[in-house]
Each structure stands twice: as C-alpha cells, then as structure tokens.
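Trainee: Could you take me closely through one part of this model, going slowly enough that I can follow it on the screen?

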Amino acid sequence: MPSLPDMTTPNLSELAGKALAESGHVTVPAPDAGQEQFSEWLQRMGDNALILGHRASEWCGHAPALEEDIALANQALDLIGQCQLWLGLAAEVEAKGGDADRLAYLRDAGAFRNLLLVELPNGDFGMTLMRQFLFDAFHHTLLLALKTSSDSRVADIAAKAEKEVAYHLERSADLVIRLGDGTAESHNRMQAALTKLWSYTGEMFADDAVDQAMADAGIAPLPSTLKAAWEKTVTAVLDEATLVPPASAWQHGITGSGGGKKGVHTEHLGYILAEMQFLQRAYPGARW
Amino acid sequence: MPSEWPLWEIFIRGQHGLNHRHVGSLHAPDAEMAIRHARDVYTRRNEGVSIWVVKANDITASAPSEKGPLFDPSNSKVYRHPTFYDIPDEVGHM
C-alpha cells in the first residue's frame, strides 16, 4: 500500500511550495476587496472541495466495483489536494498565524462555508454520482473562469484544479448518462436522485456581498454569471440520460436565513466534522 | 445483460518511443469504460502517456501443455544465434 503523499498528484507539493514562496511578494488583490472577504471566499472554495472530498472518500472500500472504488478515492484525493491549496491561501490571506489544517480541523460547523449540496449524505451510488455531476458541472465552469483571475495565486490553483475537475466532469457525466439511460432500476434511481438534489442547485448561483466584492476586484466571476453555461452542460447530459429535472423546486439556501455560504448548514455537516476532526480535537497538535 | 463485467487486459506506454507494456487487468462494461478504469487504476502515479485495452477473451494464447513441441526444438540450435561472427571493433555495441 503506497504511503499517502504518493497518492496525491505529483506537482501538488511543488505548487504548494510555489504558493508559499510567492507569499512574500504577491499580487495583492485590489484594495477595495477586503482581505477578510477574500479569505471568506477562499474558504468557500476550500470547504466545497474538503466536504465533497470527504463524502467521496466515504465510499472507499464500499463502492459497487473495485474499479469504481479506486476512481472515487482518486477523485476524493484530488479534491482534498485542492482544498489544501485553497485553505492554505485562505489562512495566508487571513494572516492570523493559522494554516490549512487549522481551518479544516478546528473550525466548527457554523464557520464552514461549503454549499449544502456537497454535505448531503451519499445515499445510494446513483445519488452520489448525481450530486457529483451537478457539482462538477458548476465547479468546472467556475475554475475555467478563475484561470484568468486578477490574483495570480488564485489563477495558479485554478489552472491545476481545472484539469482534475475536467476529468471528474467527464466521468460523472458519462456515468449519469449510462445509468439514466440504463435499466429501469438504474433510471428510477437516477431520476429520484435528480428530483431530490435539484432543490440544492440554486445555491451555487446565488450572489452575495462577498461574491460582489470578488467580482469587483476581478478575482472571481459572479456565481450568477455561471448559470447559463452550467444549464447548457446539465441539460445536454440529462437529455441524453433521459432524465427530467423538476419543473420548479423551492431552492435551499437562497431565501431565508439558511445556506451553506452563510454558515447555516444541514444537520449532516456536524456528523462529518465529528468524524473528520475527532483526532485533532481529542489530541490537539497530534502529528504522525 | 450479463451481470458480470468482462475482463480487459491493460497495456500502457510509459513514455514516447517505448512499447506498450502489459500492466494488468480489470473489469469494465465496455472499451471506453475500460480506458477510464485503467486511467484510475494504473496511471495514478504518472506512469503513462497512452493506454490500450483489449478484451481478455479476444487474446489467443499458446497452451502451456504444448510448451515442449513449441519451444524445445530451438534449444539445440545454437547456430540460430548470430554469435559466430567476428564483429569489427568500430561497429560498437550491437
């Protein structure tokens, strides 16, 4: 069994080192983008990758076929690797002396900024794949846009992550089509997953003050501007998969006080954190 | 539809100029998925630049029991190896 560092992508540590080396003389984002808002936005990026990566890792040893098991674990590791870069930069921008580990292991649920979609339980394999596809289509569009970010550190991370996520999207889209347009059983499961998850897709495209500040500084696109491209991808794949999204669904996390970007999560996030953070909470500073 | 995915043999080319090498096998419903699976199972550590997949059923292999008749006769024919020629030094390594 390879050691964990071997399993991450080859140039990850190089990239992390580069990001660190550049930290002394960085392209500082435009002054009107507050560093606090920048850090907040980076935590959204990092937390989406962290929580979805953790969800994907839960299939390790349980997926329906060995090959799918490895593919999902690879994807989980891709996402955890991206999370290290985003949260590492968030900690650096925050400049409170923390690092990515502190953000990942020592924040409580209310401080997490991931979308509700990624923290939902895995459900069956169809549900996991459908969630992955709906997020991948958004994630890929977002990373493509971030490659031209005004902040070179953001652009560097996006350039690396975009290649990985392009494959995630190719894989999840292919499987959604195969299972949607497969047997009656697989079709029904994929349709049920789509119907359930659809009401969590709106949050991806809801703009708030942080998003506006990032857009004004040229760091990131407004989420609402990504919707057309996402819809195009999703509609094409769902059509081919013979799946139909609900005509209209109440969207979680937009109206009212809830929503992952605001730190108001479903009850499921606490259970993820309990498992993920246990060791650092029980044995602070433990290393191995 | 059979409930078991067929077995595929995977060949990977490590770098341009080298031959594809057999690296192992895996299960997949069709060739396209076999390539995806091979990417995830066998190229995680940057091992390859190209993947071939072949259905294991489509490989015709020589039978181990026929090893004798197939290979033994060449044992005693050392003259088939080009070792009886003097090679001029300037030719170098062959």
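Mentor: Axes here are lines fitted to C-alpha atoms, for helices over the stretch in contact, and angles run from 0 to 180 degrees between N-to-C directions. With that in hand, and remembering that this is a predicted model, look at helix α3 (residues 35–57) of chain A and helix α10 (residues 209–216) of chain A, which pack at an angle of about 105 degrees with their axes 9 Å apart. Since angles of 65 to 115 degrees count as roughly perpendicular, α3(A) is roughly perpendicular to α10(A). On the α3(A) side the contact is made by Gln37(A), Glu40(A) and Trp41(A), and these meet Val210(A), Ala213(A) and Met214(A) of α10(A). Sorted by class, the residues of this contact comprise 4 nonpolar, 1 polar and 1 charged.

Another helix of chain A can be read in a similar way. Helix α9 (residues 184–197) of chain A has 14 residues and reaches 20 Å from its first C-alpha to its last, close to the 20 Å expected at 1.5 Å a residue. Its buried residues are Arg189(A), Met190(A), Ala193(A), Leu194(A) and Leu197(A), and because they cover an arc of only 135 degrees around the axis, they lie on the same side of α9(A). That buried set packs against α6 (116–119), α7 (125–146) and α8 (152–180) of chain A, whereas Ala184(A), Glu185(A) and Asn188(A), on the other side of α9(A), are exposed.

Definitions and conventions: Residues are numbered from 1 along each chain as its sequence is written. Chains are lettered from A and ligands numbered from 1 in the order in which they are written. This is a predicted model: local features need pLDDT of at least 70, side-chain atom pairs count only at pLDDT 80 or more; totals for chains, interfaces and linings use all residues. Helices (H or I, at least four residues) and strands (E, at least two) are DSSP runs, numbered from the N terminus. The expected span of a helix is 1.5 Å times one less than its number of residues. A residue is buried if 20 or more other C-beta atoms lie within 10 Å of its own, exposed if 12 or fewer, and partly exposed in between; C-beta atoms are placed from the backbone. The arc is that of the directions from the helix axis to the C-beta atoms. Two residues are in contact if their C-beta atoms, placed from the backbone, lie within 7 Å. Angles under 35 degrees count as roughly parallel, over 145 as roughly antiparallel, 65 to 115 as roughly perpendicular and the rest as oblique. Ala, Val, Leu, Ile, Met, Phe, Trp, Tyr, Cys and Pro count as nonpolar, Asp, Glu, Lys and Arg as charged, and the others, Gly among them, as polar.
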